[in-house]
Amino acid sequence: MNTSSQHGRVASNKATRDQAAKARSRREFLTDLIYIAPQYIIYIGLQILPFAIALPIIFTDQVDFLDQDVNWVGFDNIASLFQGPLDERLFAALRRTIIFSCVNYVMVFLFGFLLALAMFELVSKLKGLFFTIIYMPWMLSGIGVGLIMVMLFSTDTGSFNLILSEAGFSNNAFDAKSETTSLYVLPFMYGWKAAGFNMALFLGGLLAIPSETIESARMDGARYWQRVRYIYLPQIVPSMIIATIFSIINSFGIFDELVGLGALAGNQNGEFMSIFIYQLGFGSATMGGAKIGTLAQGITASMVIFLPLVFLAFWLNRLQKKLSYH
């Protein structure tokens with residue numbers, strides 16, 4: 001009898017513990033849901049839902065959001081992008097964007113990685129102040145960067161051109177609205193702006209390197225650049241991939257800086273893919289920039305160009321996660 005009662009109490013206690021564990025698990029789940037629900041709502045509302053709404057428009061001739069006379073045209077919008085007169089502007093904008101992306105990727109390492117190395121090696125009480133100063137340009141608006149370039153490189157009044165003229169060089173060496181400036185000077189300015197952001201990405205990877213590994217290399221006589229090549233770089237590959245993803249996204253999504261350079265006011269040399277898509281689907285004389293197509297064509301162009309980039313970003317993200325565990 002006593003044994004039976006003992007077993008009953010044990011079973012009752014176990015059931016009570018199981019119920020308490022389930023209740024605790026439900027509370028933890030609800031707590032997690034409260035924290036992540038806003039993020040999912042924003043992501044679905046601003047990413048998934050617009051994509052679902054825009055996808056059917058690709059196969060119509062819808063001119064704008066107020067157009068009531070919408071007809072099904074199949075794949076005509078895709079074909080129209082690769083036919084005159086849009087094909088020339090499409091490929092010109094794509095060429096400029098790709099060149100800008102390549103130069104901007106160099107700037108990611110020229111500014112971000114080198115500054116991260118400096119901050120990693122720096123031993124100073126002012127380290128936090130230096131980090132803040134380097135990061136501050138990231139808060140500058142894109143249009144502000146474009147206007148700074150106009151002030152520096154205008155043919156007649158640009159400060160940089162005036163300095164070159166006073167130094168005895170030719171007048172008007174740079175033109176803020178030239179293709180050369182858009183493709184090679186703008187990435188430098190954008191790299192300066194994003195220096196703090198990219199520095200933080202690389203610095204996070206450097207700080208994750210075990211100090212014992214670095215000390216062992218020092219004791220073995222490895223010079224500084226040997227440590228960078230054989231220890232730092234191999235162990236920050238995940239950070240480099242993240243920087244690559246952001247570089248691709250930012251390069252193809254650059255817009256405000258180009259507006260500051262007059263891309264919506266007749267400067268064809270500042271027409272990158274983002275500007276081309278805007279003018280194709282949304283531009284108007286009242287908003288700046290002439291509309292050269294329909295809403296359906298603009299959405300089609302964005303899907304044709306950016307969907308491959310999305311898949312590339314997902315692949316790089318998976319690669320980054322894979323390398324993080326090795």
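A residue counts as buried when its relative accessible area is under 20%. Serine 101 has a relative accessible area of 13% and is therefore buried. This assignment, like those that follow, comes from a predicted model. Serine 101 sits in helix α3. Beyond its neighbours within four places in sequence, serine 101 is in contact with Ser251 and Phe252.

Salt bridges were searched for across the whole structure, and five were found. One of them pairs glutamate 179 with arginine 95, with the closest N and O atoms 2.8 Å apart. Glutamate 179 belongs to helix α7, which covers residues 179-193, and arginine 95 belongs to helix α3, so this pair ties together parts that are 84 residues apart in sequence. Glutamate 179 also meets arginine 96 in a salt bridge, at 3.0 Å from N to O. Here too distant parts of the chain are linked: arginine 96 is in helix α3, glutamate 179 is in helix α7, and 83 residues separate them. Side chains of opposite charge can pair when their charged atoms come close.

Arginine 96 is buried, because its relative accessible area is 8%. Arginine 95 has a value of 37% and is therefore partly exposed. Glutamate 179, at 24%, also counts as partly exposed.

Another salt bridge joins the side chains of glutamate 215 and arginine 218, with an N to O distance of 2.9 Å. Both residues lie in helix α9, which spans residues 211-219. They are three residues apart, about one turn of the helix. Glutamate 215 is partly exposed at 42% relative accessibility. Arginine 218 is partly exposed at 37%.

Arginine 218 is also a contact of glutamate 121. With neighbours within four places in sequence left aside, glutamate 121 is in contact with Tyr224 and Tyr232 as well. Glutamate 121 is found in helix α3, which runs over residues 86-121. Its relative accessibility is 28%, so glutamate 121 counts as partly exposed. The C-alpha atoms of glutamate 121 and tyrosine 230 are separated by 17 Å. Along the chain, these two residues are 109 residues apart.

Each side of helix α3 was also examined. Proline 85 lies in the loop between α2 (76-81) and α3. The peptide bond from glycine 84 to proline 85 is cis, with omega near 5°. Most peptide bonds are trans. Valine 123 is found in the loop between α3 and α4 (127-135). With a relative accessible area of 80%, valine 123 is exposed. Its C-alpha atom is separated by 54 Å from that of glutamine 19, a residue 104 residues away along the chain.

Lys22, Arg24, Arg26 and Arg27 form a positive patch. Arginine 26 lies in helix α1, residues 2-57. At 53% relative accessibility, arginine 26 counts as exposed. The other patch is nonpolar, and is formed by Phe29, Leu30, Leu33, Tyr35, Ile36, Tyr40, Tyr43, Ile44 and Ile48. Together these residues have about 960 Å² of accessible area. Isoleucine 36, one of them, lies in helix α1. It has a relative accessible area of 36% and is therefore partly exposed.

Notes: Residues numbered from 1 in each chain as written. Predicted model: local features only at pLDDT ≥ 70, side-chain atom pairs only at ≥ 80, totals over all residues. Heavy atoms only, no water. Helix = DSSP H or I, 4+ residues; strand = E, 2+ residues; numbered from the N terminus. Buried < 20%, exposed > 50% of the residue type's maximum accessible area, 1.4 Å probe, protein only. Contact = heavy atoms within 4.5 Å. Patch = residues over 30% accessible without salt bridge, like charges linked within 9 Å, V, L, I, M, F, W, Y side chains within 5 Å. Areas by Shrake-Rupley, 256 points an atom, 1.4 Å probe, with all protein chains shown as cover. Salt bridge = Lys/Arg side-chain N within 4 Å of Asp/Glu carboxyl O. Lys, Arg positive; Asp, Glu negative; His and termini not counted. Charge placed at Lys NZ, Arg CZ, Asp CG, Glu CD.
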